[in-house]
Amino acid sequence: MSITERKREIEQEWSSCISNNNNPLCRANFPPNFLFGVATSAYQVEGACNQGGRGPSTWDAFSHTEGKICDGKDADIAVDQYHRYKEDIDLIAKLGFGAYRFSISWSRIYPDGLGTKVNDEGIAHYNNLINSLLEKGIEPYVTLYHWDLPLHLHESLGGWLNESIVKCFAIYAETCFASFGDRVKKWITINEPLQTAINGYCTGVYAPGKNENPSTEPYLAAHYQLLAHAEAVSIYREKFKEQQGGEIGLVVDCEWAEPLSDNIEDKNAAARRLDFQLGWYLDPIFYGDYPESMQERLGDSLPIFSQKNKDLLRNSVDFVGLNHYTSRFVRQGTDKQNEYYRVQEVERIAECEGEAIGPKAASPWLYIVPWGIQKVLNYIAQRYNNPPIYVTENGMDDEDNDVSPLHEMLDDKLRVSYYKGYLTAVAQAVKDGADVRGYFAWSLLDNFEWQYGYTKRFGLIYVDFKNGLTRHLKSSAYWFVRFLKGGEGKSGKEE
Ligand code: PNW
């Protein structure tokens, strides 16, 4: 079947499903207690890399290595949220969001990661951030690890490839629970362990940039991230949960994999693709081991869980965090792109014979496919017995551009339509019965987009990097203001 035919089929299904429901999209399409927030991560926004006693992270070293970041930039200053957090919190409040998902920089708490001496200035910074959020009625959702590993842990132990990192993470997590848990009620251990495993240890496009052992290291790095997650959760539940009354989860990411045709090879390929993204992390947590398809294909390259590991992992989430941006058609085939796809024996298709799965955003991997998020949410609900889910990231990027005047850059019509489409699909998944409790837009503001530096802009708020990092609301920010107030959220900037 051609991509054009398959796409037409799905889009017909999708539009009839939407037109059967109350349009246009508005806040009232979601349950009254459904939470809306915005998200960022420490390395991408904080800056102040040598201030406040922070130790270096693997991302500092990586971004300072020539050729790793496409515009040659780093996040030494980023958008300077370390100093401007009050201004940014005022903006979150002005937009009307009820929650802010941010991450703690591990090397601000323990500069060398070893967990011997805590950095009080780091603790003080996050206390200020958390207290300022609470003063404005904004709930903190705190990620402990969003990719910025203390450099010393990489250099001395080999980072995520060494089992002793589990203990280091546990000490760091415990310090955070003890210091902030009286006020933080939602914890996320690790952000997207998949991206760390693949981009950090297979393709090497993320820190620490390893690609020498692509058929083994990603699986080790994933294994120790899972064990570190489970250890932190067990500490939280044993020592803090009863008194503090919070919840803890893991954030996974998944592009939807839609079989290109109804034939069994393509359906199996799509199922494997989901196993190699989601099942890799969620099967050990909900079912006690890696998916069978991974065990079969990876053999000895896939580490083995001891009975003790399995017991610790089992049910180690109070909620699932899902980061979702895009989708692909999938068929059985040999994708030569890298070892990770080769072993899955899947071919991912975004464009074929001039037809794409959806309109393109700026990042080469990001196609706009609103129906995909409904399918991922329903898939998680079905496969894992309907756990509580938060969409912890969703959004799209525009290309940075030196030519267009500011007012044009601010009028981000495509982003408004992205959010309308994806939120419609989330509301639909809720109606289908998925237990989705909240949704976080990525991102509050333009920031350091990893290997793309500052060339990609994901923000609801524009950051003017040439004029003192001033913040300017985009049309999408105004759209959220109206949507969150309960209006219809028509596009454009009318206020
Ligand atoms: C997420 N993919 O990463 C991260 O959590 C954010 O820090 C990041 O800024 C955001 O998405 C936008 O990129 C992803 O290729 C990166 O499918 C790449 C993919 C998915 C998620």
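**Reading the annotated sites**

Reply: Begin with what a record says, then turn to the coordinates. The UniProt record, an unreviewed entry, lists Glu192 and Glu393 under "active site". Though spread over 202 residues of sequence, these residues cluster in space, with a largest C-alpha distance of 10.6 Å. The lining of the largest pocket includes both Glu192 and Glu393. Keep in mind that this is a predicted model.

Me: Where is Glu192 placed, and is it buried or exposed?

Reply: Burial is read from relative accessible area, and under 20% counts as buried. Glutamate 192 has 5% relative accessibility, so it is buried. Its place is the loop between β4 (186-191) and α9 (193-201). Leaving out residues up to four places away in sequence, glutamate 192 touches Trp147, Val251, Asp253, Asn323 and Glu393.

Me: What about α9: which elements cover its buried residues?

Reply: For a helix, look at how many of its residues are buried. In α9, 9 of the 9 residues are buried, so the helix is largely enclosed by the rest of the structure. The buried residues run from Pro193 to Tyr201 and include Leu194, Ile198 and Asn199. The cover includes β3 (139-145), β4, α10 (217-244), β5 (247-253), α11 (264-287) and α14 (339-344).

Me: Which strand holds glutamate 393, and what does this residue touch?

Reply: Glutamate 393 lies in strand β12 (residues 389-393). Its relative accessible area is 4%, which means that glutamate 393 is buried. Not counting residues up to four places away in sequence, its contacts include Arg101, His146, Asn191, Glu192 and Trp442. One of 2.9 Å joins glutamate 393 and arginine 101, and another, of 2.5 Å, joins tyrosine 325 and glutamate 393.

Me: Which residues does the record list as "binding site"?

Reply: Treat this annotation like the earlier one: take the names from the record, then look them up in the model. The unreviewed UniProt entry gives Gln44, His146, Asn191, Tyr325, Trp442, Glu449 and Trp450. The lining of the largest pocket includes each of these residues.

Me: Where is tyrosine 325, and is it buried or exposed?

Reply: Tyrosine 325 is in the loop between β7 (319-323) and β8 (327-332). Its relative accessibility is 9%, so tyrosine 325 counts as buried. Beyond residues up to four places away in sequence, tyrosine 325 touches several others, among them Trp365, Tyr367, Glu393, Trp442 and Phe458.

Me: Where does tryptophan 450 lie, and what is it in contact with?

Reply: Tryptophan 450 is in the loop between β14 (436-442) and β15 (456-457). At 3% relative accessibility, tryptophan 450 is buried. Neighbours within four places in sequence aside, its contacts include Ser41, Gln44, Trp59, His146 and Tyr206. The side chains of tryptophan 450 and glutamine 44 make a polar contact of 3.5 Å.

Me: How many residues surround the ligand, and which are the closest?

Reply: List the surrounding residues, then check individual distances. The ligand is surrounded by 16 residues, and the closest are Gln44, His146, Glu393, Glu449 and Trp450. An N or O atom in the side chain of glutamate 393 is 2.8 Å from an oxygen atom of the ligand. For a polar side-chain atom of glutamate 449, the distance to a ligand oxygen atom is 2.6 Å, and for tryptophan 450 it is 2.9 Å. Taken alone, the ligand exposes 450 Å², of which the protein buries 90%.

Terms used
Residues are numbered from 1 along each chain as its sequence is written. This is a predicted model: local features need pLDDT of at least 70, side-chain atom pairs count only at pLDDT 80 or more; totals for chains, interfaces and linings use all residues. Side-chain values use heavy atoms; hydrogens and water are left out. UniProt positions are given in the numbering used here, feature names are shortened, and annotations may be inferred rather than shown by experiment. On a 1 Å grid over the protein atoms alone, a cavity is a set of points where a 1.4 Å probe fits but cannot get out, and a pocket is an open set with protein on both sides within 12 Å along at least five of seven lines; lining residues have an atom within 4 Å of a point. Helices (H or I, at least four residues) and strands (E, at least two) are DSSP runs, numbered from the N terminus. Buried means under 20% relative accessible area, exposed over 50%, partly exposed in between (1.4 Å probe, protein chains only). Contact means heavy atoms within 4.5 Å. A polar contact is a pair of N or O atoms within 3.5 Å; within protein, one must be able to donate a hydrogen and the other to accept it, and residues adjacent in sequence count only if both atoms are side-chain atoms. A residue is near a molecule or strand if one of its heavy atoms lies within 4 Å of it. Accessible areas come from the Shrake-Rupley method with a 1.4 Å probe; for residues, only the protein chains shown count as cover.
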